[in-house]
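User: Hi, I've just opened this one and I'm new to it. Can you walk me through a few spots?

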Amino acid sequence: MTTKQLVKDPLNLIITGVGGQGNVMISLIIGNALVREGYFVTVGETYGASQRGGPVMSHLRISKENQYSPFIPDGRADIILGMEPVETLRMLGRYGNPNVLTIINPRPIYSIDVTGGQAEYPDLGKLVQTVKKLSAKTWVINATEEAQKMGSPMFANAILVGTVIGSGVLPLNKKVVEPVLRETFPKEIEANLLAFNKGIALVKQ
Amino acid sequence: MANIEIDAPGTTQLFIGNEAIARGALEAGIGFAAAYPGTPSSEIISSLAQVAKEMGIYAEWSVNEKVAMEAAAGASFAGIRALAAMKQNGINVVFDFLANLVMSGIGKGGLVLVSCDDPSAISSSNEQDTQPIAKWLDIPLVEPGDFQEAKDMTKWLFELSEEIGTLFMLRSVTRIAHARGNAKLDELPKREQRTYFDQIHDLKSVMPTTFMPIPSPLRHFFLHMKMDKTREKFEASRFNQYVGPEKVDLLIITCGSCWLYSQDAVKALKLEAKVGILKLGTLWPLPEKFVESHLNKSQKVLFVEEIDPFLERSIMELVASLPSTSPRPTFHGKRSGHINAYGELNPDLVIKAISNILGLTYQSRDAEYSGEAEAVAKSHVPERSMTFCAGCPHRATFWAIKNALKLDGRGGVVTGDIGCYSMALGPAGFFQVRTMHCMGGGAGVANGLGKLGQFGFNQPVLAVVGDSTFYHATIPALINGIYNQSDFILVILDNSATAMTGFQPHPGTGMTAMGKPTKVISMEALCRSLGARVEVCDPFNLKHTTNTLLDMMAEGGGAKVAVMRRQCELVRGKKEKPPYKVQVDTEKCIGEACGCDRLCTRVFLCPGLIWDKKAGKSKIDEVICTGCGVCTDICPQGAITKEAA
């Protein structure tokens, strides 16, 4: 196996969302596929005490040469995969830069601060515009909506993995990721493969 | 979870640090592993338990960390390689045994203790460094700097432990334990393990067959000899290394995850030719000659380490003892204020420290972009406070507690404990809990409050505790309350799992770590046998739960027990579909016009209930709602409806 040179080394990917959405699942699938391709991968996750409902992020550092730390330095993200809109903006605020590529699922999950009335959830249309302005390129993917059409919001994970692969931002192709998906979702593999391919199709539209 | 028993030497796997440690133990031919779950240490035993049967080893969730360590020592005494794993608080629980074990020495089986610290207390009640405990008790200490080392060091420690005859400690931190990275596998041993506890009364025997800390002064002397022997091994360890040119402007001395942060920082600043890094893997006893031989690299030293200044102090001690002709660099670190003396570190904090010492300026990104991105994030990103999951039984329990205390009217006090329910200190549990310290601590504190009647204290006292915490450390406090007639109600939140750390089984679940059915130790039978009044409630039945608590508070007369029984929603949700379809009847919900002041969304705070701003009415978020239906009982208008799904 010859491991391809990266467009940038290390390549820094952030996956962000709300606890319970499936951050860890996505980072595992992508991370495992990259290790099989011969890369050093370090994944830093925020999880632990009742992170369900809290903001979560996974930092993936991909390198041909070194084991990097599990933290991307401020301002140094190359790709942001946002499973939730304001969480995507939270990450751009700290880790974004003029070259960052962003994939955003525009389905809000309201925090108790918002439902409780102590905080305001911004206008979604304006929010997506701001994300676009702060990114060199943005893909808006209605992953939750598409997943619900397929029968469960949980298929959003496989859809979003598909969008990352389909967008070509990582040195990974369908052939490498499919076996990892089969190992990750042994029970519902057909539906998840369908969702994965849907993700690839959506990003190419 | 990764497949740690894969028999594929030479291949590289993506492991979290805890899986790498478990794999290292398997490669060392471990026979016995025990722990009590605690973030960030839990996956060590869960991954070992998962493969235990196949690998011919034994793994258990012990009732608490003290028993886990003692059980592992028992295996070592009989010649089986054994491991115990715990978070920093667990080390406190097992401290007394450790202080005696170092004196008695171990058996023929190597014995390793893994201590996972949690800088910034991300999943902990406290921030605490366990490195000084190893130094204090004369336990040899190592710390892995990446995932490969986590595996390789664990394997190495079993050999060392047997050779030296003492317990070894591996300290890890959250960003190694819970981060993922590459680990190249070695062979798994293939051998059948048989054992017999030798009981020869031969005091001259090199290997003891009687394990005791006496005669203490002599044992203490032996222990120091073991530490000297360990130091020699550590001097030659491949886990200590220097990276950089012969002479540098700044020498970083670091260990653990900070080794990764330091490398990132030096690369980000492009200072590879000017800054060297001395990375230590063996921390105590300090490999003094190795350290001394690198102190002439620079006039300036920066210590990069998390929580306590462990290397900083140990190396300053060393330098103070060296001849005056030895190099005396200027030290920077926690003492000088260049590195935080609290909280976890990251590459940016190291970049800042290096820049500060060398007088450099560092820009992480385009300045104009930075200003705009920060401003937009600040003004447009709402807070996301921690809360109980949608459908969590704890929300219902604390709703009942809040209402019962209000109806009772005497200003009842709730003491808390360690678990998901610690969030009841905040809005998730309606600010009901007033104290939180250590496992079992809330019931202990309640014992004191419940005996203050003679000082005019008449407030009811409730101690909330999780089911796993009840078995871990609460039973002595309950016995004390019954024996000494202290007035409090022990409220056991029984969600049938050690939920916060990953749903591990406990003595009340009828299942072992290795998935074998076992006896259920019934908490209500146990408490009744002690003579306490015991009531069992379903917290989803708000009315019954509230009334039961009110009745118990009115009764007085010594410690009582209320069990709130309802399975963790995350466990239930994995096996079953939602029981109800919950909806808001938009005709009945009168929104702001209702006198309830948005009780459902503003106060009850279930993330499945949201506020439709346009309609001015409450709404169910169908992606989040788990269909528990509890909210249908709190709406004064009866506008929230449920029907069987």
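User: Which residue does B:Arg598 lie over?
Analyst: B:Arg598 lies over the face of B:Trp611, at 4.5 Å from the ring centre. A charge counts as sitting over a ring if NZ of Lys or CZ of Arg is within 6 Å of the ring centre and within 35 degrees of the ring normal. This is a predicted model, where local features need pLDDT of at least 70, side-chain atom pairs count only at pLDDT 80 or more, and totals for chains, interfaces and linings use all residues. Residues are numbered from 1 along each chain as its sequence is written, chains are lettered from A and ligands numbered from 1 in the order in which they are written, and side-chain values use heavy atoms, with hydrogens and water left out.

User: And what about B:Lys402, where does its charged end sit?
Analyst: Over the ring of B:Trp399, 5.7 Å from its centre.

User: OK, rings then. How many aromatic pairs are there over all chains?
Analyst: A search of the whole structure finds 16. One of them is B:Phe470 with B:Tyr471: their ring centres are 5.3 Å apart and the planes are at 75°, so this pair is edge-to-face. For the cut-offs, rings of Phe, Tyr and Trp (its six-membered ring) pair if their centres lie within 6.5 Å; planes under 30 degrees apart are stacked, over 60 edge-to-face, and the rest tilted.

User: Are B:Phe470 and B:Tyr471 buried or exposed?
Analyst: B:Phe470 is buried, with a relative accessible area of 0%, and B:Tyr471 also counts as buried, at 8%. Buried means under 20% relative accessible area, exposed over 50%, and partly exposed in between (1.4 Å probe, protein chains only).

User: Which residues do ring pairs link into a cluster?
Analyst: B:Trp156, B:Phe168, B:Phe234 and B:Phe239.

User: Switching topic: what does B:Asp264 touch?
Analyst: Not counting residues up to four places away in sequence, B:Asp264 touches A:Arg61, A:Tyr68, A:Ser69, A:Phe71 and B:Pro347. Contact here means heavy atoms within 4.5 Å.

User: Where is B:Asp264 placed?
Analyst: In helix α10 (residues 257-268) of chain B. Helices (H or I, at least four residues) and strands (E, at least two) are DSSP runs, numbered from the N terminus. B:Asp264 counts as buried, at 5% relative accessibility.

User: And B:Leu530, what is it in contact with?
Analyst: Leaving aside neighbours within four places in sequence, B:Leu530 is in contact with B:Leu478, B:Ile479 and B:Ile482. B:Leu530 and B:Ile479 are 51 residues apart along the chain, with their C-alpha atoms separated by 7.1 Å. B:Leu530 is in the loop between α18 (523-529) and β19 (534-537) of chain B, and at 28% relative accessibility it counts as partly exposed.

User: What is phi of B:Phe430 near?
Analyst: Near 60°, a positive value in a residue other than glycine. B:Phe430 sits in the loop between β15 (413-415) and β16 (433-435) of chain B, and counts as buried at 9% relative accessibility. B:Ala121 also has a positive phi, about 50°, although it is not a glycine.
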